[in-house]
Amino acid sequence: MDRIRIVGGHRLNGEISISGAKNAALPLIIASLLTEEPLTLENVPSLADVEQLIRILGNHGVDYALHGRRKAHTSSSYARVMRFEARNIVNIIAPYDLVSRMRAGFWVIGPLLARMGEAEISLPGGCAIGTRPVDFILDGLRALGAVITIENGYVHARAAKGLHGASYHFPKITVGGTHVLLMAASLAKGETVLHNAAQEPEVVNLAECLTAMGAQISGAGTRTIRIKGVEYLSGAQVKVIPDRIEAGTYAFAAAATGGNVLLRGANPNHLPIVLEKLQQAGARVDWEEDGVRIRREAPFITPVDIETAAYPGFPTDLQAQFMGLMTRAQGTAKITETIFENRFMHVQELARLGAHISLAGQTAEVEGVPLLQGAQVMATDLRASVSLVIAGLMAEGETIVNRVYHLDRGFERLEEKLAACGAEIERLRS
Ligand code: EPZ
């Protein structure tokens, strides 16, 4: 298993190009199931999760080409243009061994049901950050007329006469639920109104994609989305938005090391609270023509409290990284996680580097320390692992991050991007 070795204490200075967003690319790729025509996506990141989703879609019969070449070797190119073509859906079953490796694989239930009238999808199960049920996704599909049964760990959804429009109120904001219902409602008969929908930029990107395919959607990016179903969706060409979580991560890393980094291609409009909190922590944020510049000239990091929330609130996907930054603050910061019940696994690992963090329920109190010291640490999930990288960049001496495959799910060329800005970081291959 690969590991990452970091020798801390170097300021990050330079430029980092922000990749296409993993969490936008995944639903866009799934949307290709809605049409027999090709869907071309620009700026697709090269990530383990994308490759896994391609395997899941391959099982349903989706063909893909990279830069115009059919089933080309994909691992060595970035900002990829990929074409997905679901001319014939050959299988409406998504088996356990595929869906259990990536939860977003469950979202194929929406387009399969809408296009084929039937889908049989393995329940994804829990994961490291929490139980993550799919009850609202299923209730929403029932509201659109699906008959759903659950047997032997599989959800069987049927709509023999097709789906119909309906009004559905999500009891809790769910990004995946909003994606699935947007896709399903686009091919349903009549109008669907989704209340308490997710407003994340990734939802807006999916709505743009569906609209380019011929769907009639209004209100994406607000809490109420209206979808007038159409009979047929066509192919389209759509660009994946820049990854706001990757941008936020490198912004924290720049601030953590007292550096000066231009995040090229980042969209500051997608990071409202994140940049505000970063400024409160003592960093300067400048919007430049082609990105955002983050620098910290202040001699110390000011402690800042955060509470995660659905967009436009502070993203849960940046909670661990912000905690990494706060481990060196001059004072105590309170970090409250409200989205997932078990998203503090980085706490024990940060403690191995010398961080002082106490946990009480869903709140962590981070008492900044003057010095972190390098150590061996273990990545437990995608965002937790990158918080260890941020801490390692600040720590004195050598930090080894084990189980790097978590990082590879969502960060493209992490060590290359950081090394180009002066970090002493390398991948130890095994
Ligand atoms: C998406 O997951 C992201 N994944 C997650 O990013 C992100 O943390 C999360 O949204 C929240 O922003 C992708 O986009 C691929 P949710 P999703 O449905 O859609 C509960 C990362 O690190 N819920 O918005 O699965 C759920 O348990 C990943 O990149 C139900 O109770 O998350 C959670 O508490 C991790 N029933 C809350 O809602 C449901 O039917 C929000 O989850 C659905 C969700």
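Modeller: A nonpolar core is a set of buried residues such as Ala, Val, Leu and Ile, joined through side-chain atoms within 4.5 Å. The structure shown is a predicted model, and its largest nonpolar core has 82 residues.

Biologist: Which residues have the most contacts inside this largest core, and which helix gives the most to the core?

Modeller: Ile109, Leu141 and Leu210 have the most contacts inside the core. Helix H1, residues 22-31, gives the most to this core, contributing 7 residues.

Biologist: Taking Leu141, which residues does this side chain's residue touch, not counting those up to four places away in sequence?

Modeller: Leu141 touches Ile109, Leu113, Ala146, Ile148, Leu163, Val180, Leu181 and Ala184. A second, separate core of 69 residues is also present; Ile18, Leu271, Leu278 and Val386 are included in it.

Biologist: What does Ala24 touch beyond its neighbours up to four places away in sequence?

Modeller: Ala24 touches Glu202, Asn205, Val240 and Ile241. Sequence separation and distance in space are to be read apart: Ala24 and Glu202 are 178 residues apart in sequence, yet 4.7 Å apart in space from C-alpha to C-alpha.

Biologist: Is Ser387 buried or exposed, and where is this residue placed?

Modeller: Ser387 lies in helix H12, residues 382-394. Ser387 counts as buried because its relative accessibility is 0%. Leaving aside neighbours within four places in sequence, Ser387 is in contact with Ala320, Gln321, Gly324, His346 and Leu350.

Biologist: Turning to the ligand, which of the 23 residues around it come nearest?

Modeller: Asp135, Gly176, Asp317, Ile339 and Arg383 come nearest. By class, the shell around the ligand has 12 nonpolar, 4 polar and 7 charged residues.

Biologist: Which polar atoms of Lys22, Asn23 and Phe136 lie by an oxygen atom of the ligand?

Modeller: A polar contact is a pair of N or O atoms within 3.5 Å. For Lys22, a polar side-chain atom lies 3.0 Å from an oxygen atom of the ligand. For Asn23, an N or O atom in the side chain is 3.1 Å from a ligand oxygen atom. For Phe136, a polar backbone atom is 2.8 Å from an oxygen atom of the ligand.

Biologist: How much of the ligand's accessible area does the protein cover?

Modeller: On its own the ligand has 830 Å² of accessible area, and the protein covers 89% of this. The elements giving two or more residues to the shell are H1, helix H5 (135-143), helix H6 (175-186) and H12.

Note on methods: Residues numbered from 1 in each chain as written. Predicted model: local features only at pLDDT ≥ 70, side-chain atom pairs only at ≥ 80, totals over all residues. Heavy atoms only, no water. Helix = DSSP H or I, 4+ residues; strand = E, 2+ residues; numbered from the N terminus. Buried < 20%, exposed > 50% of the residue type's maximum accessible area, 1.4 Å probe, protein only. Contact = heavy atoms within 4.5 Å. Near = heavy atom within 4 Å. Polar contact = N/O pair within 3.5 Å; in protein donor to acceptor, adjacent residues only side chain to side chain. Areas by Shrake-Rupley, 256 points an atom, 1.4 Å probe, with all protein chains shown as cover. Nonpolar A, V, L, I, M, F, W, Y, C, P; charged D, E, K, R; others polar.
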